[in-house]
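Hi there,

Here is the structure I promised to pass on. Have a look at it first, and then read on for what turned up in it.

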Protein chains: 2
Amino acid sequence: MEIQEWGEEELIRYISKEFPVSLPVIGIGDDCAVICKDDKDSWIVTTDALVEGVHFIRSQISPEDLGYKTVAVNVSDIAAMGGAPQYAFLTLALPRDIEESWLKEFIHGIKEGCLKWGLQLLGGDTVGSKRDVFINFTIIGVSEKDRVKYRSEAKANDVICVNGYLGDSAGGLKALQEELEKTEEVRYLINAHFRPTPSPEEAGWLASQKGVHAMMDLSDGLDCDLRRIIKASHIGAVINVERLPISEALSHVSFENHWEIDQLAIAGGEDYRLLITISNEVFDAIQALFREKFGHILYPIGYISDQETDLVYHKAGKPVGMNLKKFDHFQ
Amino acid sequence: MEIQEWGEEELIRYISKEFPVSLPVIGIGDDCAVICKDDKDSWIVTTDALVEGVHFIRSQISPEDLGYKTVAVNVSDIAAMGGAPQYAFLTLALPRDIEESWLKEFIHGIKEGCLKWGLQLLGGDTVGSKRDVFINFTIIGVSEKDRVKYRSEAKANDVICVNGYLGDSAGGLKALQEELEKTEEVRYLINAHFRPTPSPEEAGWLASQKGVHAMMDLSDGLDCDLRRIIKASHIGAVINVERLPISEALSHVSFENHWEIDQLAIAGGEDYRLLITISNEVFDAIQALFREKFGHILYPIGYISDQETDLVYHKAGKPVGMNLKKFDHFQ
């Protein structure tokens, strides 16, 4: 049997079964591993790879954007658990014909990301590669112990919300694939694809609020990622499709090009927004404080149900089938 | 200009210049980064990649050996600074046609290494790859603060020594390349290439000895790695070529196949032994204790001189030119 028949979920399940871990360490499954630092704090560790031909096309993305994105997608994982990024390690495998200018711009993008999110690059590995560029980035972050947020803490009746528009990144990728003319709106979407904007500040503040239960980052698409919360928390969820926050740019470009906007928002992936579940008793108060502090709102998009493992989409208050195309690196 | 004209040293120099770090963190340059854990201990972090077609040929190495080697080369870096391995993170980029059995055996090899060296695998990333297998492994280890060993601590008149045979791994690679008949001795060499044997116990004990000054692991060959100590410590070195410890198997196989044994021992790479400099006043005492504790000896192979940046090879007490072929992934 070839590995493409497994899919990523199955692969992670297999590896985590082979490597059981015991408390106080939380292991494979969440966005990061959590390691006891001292009485007060935990270390939070994440690692994410970007592979040429799978995660990016070298001729489509500038080396600077690629470097920046490498940092951003890992910062997003640290933020998802309420941590503050601290130290970074970069592994870079380069084919021998890479231009010096490419390398310098790539490192510049890494540096821009590190400066933006307060990261110190402490080491890594630089090696050759036969054909493709391979990048691995590891971040160690820190969080107060009782503020670390997990996927397994969602409770029935929680409000499900996100902290920004969905589908812009997937729209940007589609615009690149369809070689759309680069209008201002198309450029906005492409920029969302190349330069995700995780916010450890927003995440850290949310993590400090008692009513915030589960939190993770949206990397593989709302459907895929929400199913992870559902599974880890042994609950279900209802999503109101009309309430998914969509940017004006994505609305316009989707309309003009006959894209299925719900597909992009629900299954597109690479949003790098926060997916949060908040006690419905305090949701309004938290939303008001959040808006005051960060100048934009938390978008409620549905609620947690007690129907275990059930994810239902509603339109006009009624369940609808979505027929989603799943995104999986192996398929 | 293409990156192959830079070489790995130049690339590391460029990146570390772009990312200066300040104490108490020690950054790019040593085998690991050192991060303050608490008053007593430091975290020691390393990351190493193995790329198909550069570090291994998929048809030549069993997936189990590849998994084991992935762990071993990283444990070697942790040991080189006197640390005890604790937590691990695995990134695996796989082409979609990889067989399920390959993956299972690879994970089995990772597991074998983790069990052997007391590592807990806590996370990582599993992604697709277009063509080649990419592996990245990160280890977090721990060491008492005053026991961490650096490359920069070698002193004039120190005895330079290693804790095992040199050149076996390079001999094993050569035997594979030349498709030698698999006699017992050839199998021993190939095994040394596929299954390095770092020893955090020996390294930890050495790190606890006051007379031990500099320590690192031999990954790119004695010549290349000793030059790193020389540069970091602002000293020079004299190596007595006749004193390099060579296994009987490598002696025999080299003789039969007209291999230049000195080349393999000095520039072959992937020995994953410790390269240590020890105060000459206490060397005999440390060597005696080491032998008693670990059942084999430390091999003295030369001494540190005060001739800055000068590395001289001696044969029969006289300087000789070595005309080494350098090993560099980019060249």
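This is a predicted model: local features need pLDDT of at least 70, side-chain atom pairs count only at pLDDT 80 or more; totals for chains, interfaces and linings use all residues.

A definition to start with: two strands pair if DSSP finds at least two bridges between them.

Strand E2 (residues 41–51) of chain B deserves a look of its own. In general, side chains in a regular strand alternate between the two faces of the sheet. In E2(B), B:Asp41, B:Trp43, B:Val45, B:Thr47, B:Ala49 and B:Val51 point one way, while B:Ser42, B:Ile44, B:Thr46, B:Asp48 and B:Leu50 point the other way. Are these residues buried or exposed? All of them are buried, and the strand is mostly covered, with 11 of its 11 residues buried.

E2(B) also has partners on both sides. With E1(B), E2(B) runs antiparallel and is joined by 4 bridges; B:Cys36 has B:Ser42 as its bridge partner there. A hairpin through 4 residues connects E1(B) to E2(B). With E5(B), E2(B) pairs in the antiparallel sense over 11 bridges, and B:Val45 stands opposite B:Ile140.

Chain B can be laid on chain A with an RMSD of 0.0 Å, by a turn of 180° and a shift of 0.0 Å along the axis. The two copies are therefore related as by a two-fold rotation axis. The same surface serves both copies, as 100% of the contact residues of chain B recur in chain A.

As for the interface itself, 68 residues of chain B are in contact with 68 residues of chain A. About 6400 Å² is buried between the chains, and carbon and sulfur atoms give 64% of that area. Which three residues supply more than any other three of the area that chain B buries against chain A? They are B:Phe19, B:Arg96 and B:Thr126, which supply 10% of it.

**Cysteines**

How many disulfides are there over all chains? The count comes to 0. For A:Cys32, the closest cysteine sulfur is in A:Cys114, 16 Å away, which is too far for a bond because the cut-off is 2.5 Å. A:Cys32 counts as buried, at 3% relative accessibility. In the other chain, B:Cys114 is in no disulfide, and the nearest cysteine sulfur, that of B:Cys32, is 16 Å away. B:Cys114 also counts as buried, at 3% relative accessibility.

Helix H6 (residues 200–207) of chain B has 7 of its 8 residues buried, so it is largely enclosed by the rest of the structure. Among the buried residues are B:Glu202 and B:Trp205. What covers the buried residues of H6(B) includes helix H2 (63–80), E3, strand E7 (212–217), strand E9 (274–278) and helix H10 (283–294) of chain B.

In chain A, A:Thr277 is found in strand E9 (residues 274–278) and is buried, with a relative accessible area of 0%. The residues that A:Thr277 touches include A:Ala154, A:Asp158, A:His213 and A:Ile304. The C-alpha atoms of A:Thr277 and A:Met215 are separated by 6.5 Å, although these residues are 62 apart along the chain.

Finally, two loop residues of chain B have a positive phi without being glycine:

- B:Glu179 has a phi of about 50°. B:Glu179 is in the loop between helix H4 (168–177) and helix H5 (184–194), and is exposed at 69% relative accessible area.
- B:His258 has a phi of about 55°. B:His258 is in the loop between helix H8 (248–257) and helix H9 (261–267), and counts as exposed at 73% relative accessibility.

Note on methods: Residues are numbered from 1 along each chain as its sequence is written. Chains are lettered from A and ligands numbered from 1 in the order in which they are written. Side-chain values use heavy atoms; hydrogens and water are left out. Copies are superposed by least squares on the C-alpha atoms of residues with pLDDT of at least 70 in both. Contact means heavy atoms within 4.5 Å. Buried means under 20% relative accessible area, exposed over 50%, partly exposed in between (1.4 Å probe, protein chains only). Buried area is the accessible area (1.4 Å probe) that two parts lose on being put together, summed over both. Lists of a residue's contacts leave out its neighbours within four places in sequence.
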